[in-house]
Amino acid sequence: MPDTADKTFYLETFGCQMNVHDSEKVVGTLMQQGYRQVQTVEEAGLVLYNTCSIRDKAEQKVFNRLSDYKKYKAQGKIFGVLGCVAQQEGKRIFERAPYVSLVAGSASYRNLPAMLVQIEAGNRATGLDDRETEDCFETEYTARTNPHRGYITIIEGCDKFCAYCVVPFTRGKERSRTSASVLAEARQLSNLGYTEIQLLGQNVNSYRDPDGKRSFAELLTAVGEIHGIQRVRFTTSHPRDFGRDIVDAIESSPVLCDHVHLPIQSGSDRVLDAMQRLYTRDEYLERISWIQSAKRDISITTDLIVGFPGETEREFEETLSLLDLIGYDSAFTFKYSPRPNTPALRLDDAIPDEEKSRRLAVLNEKQRSIQTHRNKRHLGQSTKVMVEGKNPSRGQWIGRTSQIKVLNFTAPDGAELKTGSYVDVRVTTSFPNSLVGEMVETGG
Ligand code: SAH
Ligand code: SF4
Ligand code: F3S
């Protein structure tokens, strides 16, 4: 039986950067409520999963995982399911896994203290949103795990309803925070020594300042002007709302990183239309041309889905030709998987899994050869990296460039570097997924 005087919790997180940051909010809130975080389920009184529902029968995996832990219920442990599967499955979770006490989606975390009181008293608690909530998604406390890169959610939810996607159902409707509160949090982070800020949202380009003071591009610039902030990143951009002003902002402020993640999903207009992505291949290419004509070398990365219902071989080849045309620096590639509630569920998912796998392999092979070629352009360049750690087996430091590339490097005379510091590195070798170099001594 866990000691009630020593309230402990174990939290495991799945999914995207927003979920990772949500977990920081959950940890902060729990610590404020007198809980201590532990690293194993065995040590914990409260076991929480912050779940992701984006693809691959995610809910089934969560139920399998929960049934593994059924045995712990007898020991008095309390279980909670948070995040996107919690929101999607709601109270059905109690039916399928009766030993679960808490089911709470991301919009409810500021109410965690009250929900904790309920579950500690042996009751069940839910924090579920009906897609109508206007609730602020900020919690009062956040326990950040990375001491140098601070995440800030600027917009929650999504109103785009792409045909394949669960997010509009799991994260509710779009709600933006005021730019004043985002800037206040960024200043606070800078005072704590953070030098990199990453602004988060499923669709940051839809950001609308409730006070009407700043556009998204103006917010980026304003965060970059905060004393002490050296890097500003943002993710994810939706092509439909991606304005030229974002490229202008990057061009005018060296603090804004040379990187845009702009998911295309497919290179075929027919498939894009069926996906309800709200842009055509040409409109997307126009946005790419804004980015590529910038004076700075802005890296471009993307997300792609193969095997969307009805995707023909020809349409798949249009995606391949798009890769050649654009030359992405990196791509996240996925096989389409049908998801609950989504409009695409009505379409026949008739492409066999082997065929989806084949298309995925062809796509990955092409992208890998593009990256091999693209990364060669960095050879001989000197570039600033943030030191992220050390690879002891190779004696190399791990750095991250403004373009979000991993650059492993050696320091002169085995010098010890501080994580979070910035150094200049000259690139000597390139691979498809990383670069290698030597630190340059700047003499100052
Ligand atoms: N808001 C972001 C995407 C968030 S989800 C955007 O609009 O781009 C991250 C990626 O997962 C998506 O870009 C898409 O490529 C992939 N994805 C989402 N739903 C999927 C599904 N049902 N099957 C396969 N991949 C999916
Ligand atoms: Fe999903 Fe589309 Fe919203 Fe992105 S924009 S979260 S893919 S519905
Ligand atoms: Fe997954 Fe939810 Fe993020 S479904 S990708 S954790 S928004």
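Biologist: In which strand does Phe9 lie, and is Phe9 buried or exposed?

Modeller: In this predicted model, Phe9 belongs to strand E1, residues 7-13. Residues with under 20% relative accessible area count as buried. The value for Phe9 is 0%, so Phe9 is buried.

Biologist: Which residues is Phe9 in contact with, leaving aside its neighbours within four places in sequence, and what separation do the C-alpha atoms of Phe9 and Thr40 have?

Modeller: With those neighbours set aside, Phe9 is in contact with Val27, Leu30, Met31, Tyr35, Arg36, Gln37, Val38, Ala44 and Leu46. Thr40 is 31 residues from Phe9 along the chain. The C-alpha atoms of Phe9 and Thr40 are separated by 8.8 Å.

Biologist: Which residues touch the most other members of the largest nonpolar core, and which helix gives the most to this core?

Modeller: The largest nonpolar core has 53 residues, and those touching the most other members are Ile154, Leu199, Phe216 and Phe234. Six residues of this core come from one helix, which gives the most: helix H8, residues 216-224.

Biologist: Which residues beyond four places in sequence are in contact with Ile154, and how many residues does the second, separate core have?

Modeller: Ile154 is in contact with Phe137, Arg175, Ser176, Arg177, Val182, Leu199, Leu200, Val204, Tyr207, Phe216 and Leu219, its neighbours within four places being left aside. The second core is separate and includes Phe63, Tyr69, Val81 and Val85. Its size is 22 residues.

Biologist: What surrounds ligand 2, and how do the residues of its shell divide?

Modeller: Around ligand 2 stand Cys158, Lys160, Phe161, Cys162, Tyr164, Cys165, Val167, Pro168, Gln202, His238 and Arg277. By class, this shell holds seven nonpolar, two polar and two charged residues.

Biologist: What surrounds ligand 3, and how many charged residues does its shell have?

Modeller: Ligand 3 has Cys16, Asn19, Cys52, Ser53, Ile54, Cys84, Val167, Arg171 and Gln202 around it. Five residues of the shell are nonpolar and three are polar, and the number of charged residues is one.

Biologist: In what sense does strand E15 pair with strand E18, and which residue is the bridge partner of Thr383?

Modeller: Strand E15, residues 382-391, pairs with strand E18, residues 422-430, over five bridges in the antiparallel sense. The partner of Thr383 in E18 is Val425.

Biologist: How many bridges join E15 to E16, and which residue in their hairpin takes a positive phi?

Modeller: E15 and E16, the latter covering residues 396-401, run antiparallel and are joined by six bridges. Val387 stands opposite Gly399 in E16. Four residues lie between the strands of this hairpin, and the residue with a positive phi, near 65°, is Gly395.

Methods:
Residues numbered from 1 in each chain as written. Chains lettered and ligands numbered in written order. Predicted model: local features only at pLDDT ≥ 70, side-chain atom pairs only at ≥ 80, totals over all residues. Heavy atoms only, no water. Near = heavy atom within 4 Å. Nonpolar A, V, L, I, M, F, W, Y, C, P; charged D, E, K, R; others polar. Pairing = 2+ DSSP bridges. Helix = DSSP H or I, 4+ residues; strand = E, 2+ residues; numbered from the N terminus. Core = buried A, V, L, I, M, F, W, Y, C linked by side-chain atoms within 4.5 Å. Buried < 20%, exposed > 50% of the residue type's maximum accessible area, 1.4 Å probe, protein only. Contact = heavy atoms within 4.5 Å.
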